[in-house]
Each structure stands twice: as structure tokens, then as C-alpha cells.
Amino acid sequence: MATQKGKKTVLKFDSEEDVSKALAKYTADLSEKFIKQKGSFTVVLSGGSLIDTMRKLVEPPYKDSIEWSKWWIFWVDERVVPLGHDDSNYKLALDGFLSKVPISFSNIYAINDKESPEGAAADYEARLKKLVESKVLPLSAISGFPKFDLMLLGMGPDGHVASLFPSRPHRHEKERLVTFITDSPKPPPPRITFTFPVINSASEIAMVVTGAEIANMVDVALGNASPPDGIPPPCTEVSAEEELTWFLDKDAASKLQTSG
Ligand SMILES: O=C(O)[C@H](O)[C@@H](O)[C@H](O)[C@H](O)COP(=O)(O)O
């Protein structure tokens, strides 16, 4: 069984606008590569500022050049609220991205918003397992967990990624694909989230991080500084099977050494 993990690249840009441009090109290039390789492109979204930073992807030239019909969309985490609620990551992505491009509705994996957090996590996991059976999602030869082509992640100032928070034990979940939380420190409290075994089985991961308030945690995440409480936060655990690429604007990168 293969055991090799992928590489890490840190890209720094002068502005958030430049991050947005580079992220669009990166995503479009990966879309082309994976569709050529395997006929589909599985993309996992986050909530937060990511969707706004993806705005250049739905503009020319990418809007017209990407083979949107081959895309499959998932969420690395979702707030357990009705899909039409302003807190919903699905609604955020629908309004800012998905409604602007011709991705097949049946390829968009929103959560079941009629379920409890526990039920929604179990339901999402069961649907992922069906996609493994139908060969839409391969299994990682390294971990044995489903392997997505691209995960687009944000990070909180406390070092959380997805809805895996520093002070919550579910960040250590090693068996489940999807777990849940009812007391998220970032509102709203009820959420479901992919677990680290699934996140770290992705071929490619983009960590998209902008703004000065996150600069100290970027320094910790990249191993240049110790965490304030001595406990490595979730962002330090992220790795991809092929490549983890950090997209930072000048403000987010402001605490890094020039060599970082
Ligand atoms: O549902 C969520 O809250 C997100 O998926 C979450 O994990 C987000 O990515 C980070 O909190 C960063 O958020 P910002 O990009 O807004 O800072």
C-alpha cells in the first residue's frame, strides 16, 4: 500500500483580488486535468469568505471554458439549518457560485435539512458511500477513505478548518466520514463536517486565507510559530495526497518570514 503524502506550496499575493484571480486559474486548471484523467471533477466547498473569493471562476474566460457538466459539488461542512436560511453554506454557494454556472442539479450534494445534526451527518455519509459503490468517488490507496479531487478550505482565527474546532473532541474522529457537532463555537452551533481522514485523502487541497486577523494563526499553521496554548490546532493537521496549496494575501502572510 502506498504511504507517500503530497507536497505543500505557499503562494502569497499582494491583494485579495489577486488571490481570487489565482484561485480561479488554479481551479480551472485542475478541472481540466481531472476531467481529462477521469471524466469528472469532484469539488468540496467550505462556507465563509471562500465563495466570494471564488468569484472570478464564474466570469470569462472560465465561465465559458470549464466543463461544468462534469463537476460534482460537496460541502466539507454545513450548518444544520434549512437550505434557504441565510446561515446555510449551500445557500451561500448557490447565490454566489452555483446559480451562475450550468452544474447539473443532481451532482450537487446538499445536506438533508430535515434531519437532526446526527441524522444529517449519517445521511451525508451514506450518500458518499453510495458514490463510492457507483465509482464516482474512488478510495484512497493510502487511507482507504473516499478521495475527492479538490477541497477548497478556509481557516478560522482559532485554527479551525471545516467545522473541526480546536476545543471539540470530534476533531480527532478517525472512523467516520462525516461527523456532527451541536455546540460549535462559531455560530450557528449545529453543524456537520467531514472528518480529517476524508479531508486528508483529497488529491488537492487549497487553503484560502485572507485578512490580517488570521496572520498569527497562518504562522502557526505553517509551522513557524507555536500555538498559544501549546496544542496544535486543526489547521496544522491538513495535508493532501498530491498537493496542499496555501493562497494567502499580503495581510494574512504578514507574520511569515520572507522565506516562509
Ligand atoms: O461553515 C463554515 O463556517 C466554514 O466552512 C468554516 O470552516 C470557514 O471556512 C472558516 O470559518 C473560515 O471562514 P472565513 O473564510 O469566513 O474566515
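Predicted model: local features only at pLDDT ≥ 70, side-chain atom pairs only at ≥ 80, totals over all residues.
Which of the 14 residues around the ligand come nearest? Select Ser-46, Gly-47, Gly-48, Ser-49 and Gly-154 to see them.

Residue numbers start from 1 along each chain as its sequence is written.

**Stop 1: the ligand shell**

Color the shell by class. Three residues are nonpolar, eight are polar and three are charged. Here Ala, Val, Leu, Ile, Met, Phe, Trp, Tyr, Cys and Pro count as nonpolar, Asp, Glu, Lys and Arg as charged, and the others, Gly among them, as polar.

**Stop 2: the core**

Next, select Val-44, Met-151, Leu-153, Met-207, Val-208 and Val-209. These residues have the most contacts inside the largest nonpolar core, which has 70 residues. Such a core is a set of buried Ala, Val, Leu, Ile, Met, Phe, Trp, Tyr and Cys residues joined through C-beta atoms within 7 Å. Buried means 20 or more other C-beta atoms within 10 Å of a residue's own, exposed means 12 or fewer, and partly exposed is in between.

Stay on Val-44. Leaving out residues up to four places away in sequence, Val-44 touches Phe-74, Trp-75, Val-76, Phe-148, Leu-150, Met-151 and Leu-152. Contact means C-beta atoms, placed from the backbone, within 7 Å.

**Stop 3: helix H4**

Select residues 89-96, helix H4. Helices (H or I, at least four residues) and strands (E, at least two) are DSSP runs, numbered from the N terminus. Asn-89, Tyr-90, Leu-92 and Ala-93 are the buried residues of H4. Seen down the helix axis, they fall within an arc of 165 degrees, so they line one face of H4. The arc is that of the directions from the axis to the C-beta atoms. Now show what they pack against: strand S2 (41-45), helix H2 (50-53), strand S3 (71-75) and strand S4 (77-79).

**Stop 4: backbone exceptions**

Most residues other than glycine have a negative phi, and most peptide bonds are trans. Zoom in on Pro-60 and Pro-61: the peptide bond between them is cis, with omega near 0 degrees. Pro-61 sits in the loop between H2 and helix H3 (62-65). Move to Pro-187 and Pro-188, joined by a cis peptide bond with omega about -5 degrees. Pro-188 is in the loop between strand S6 (178-181) and strand S7 (191-194).

Then pick Lys-135. Its phi is positive, about 70 degrees, although Lys-135 is not a glycine. Is Lys-135 buried or exposed? Lys-135 is exposed, with 9 other C-beta atoms within 10 Å. Ala-162 also has a positive phi, near 50 degrees. Ala-162 lies in the loop between S5 and S6, and is buried, with 28 other C-beta atoms within 10 Å.

**Stop 5: two aspartates**

Select Asp-149, in the loop between H5 and S5. Asp-149 is buried, with 24 other C-beta atoms within 10 Å. Beyond its neighbours within four places in sequence, its contacts include Leu-30, Phe-34 and Ser-203.

Finish at Asp-251, in the segment after strand S9 (243-249). Asp-251 is partly exposed, with 17 other C-beta atoms within 10 Å.

Notes: Near = placed C-beta within 6 Å. Contact = placed C-beta atoms within 7 Å.
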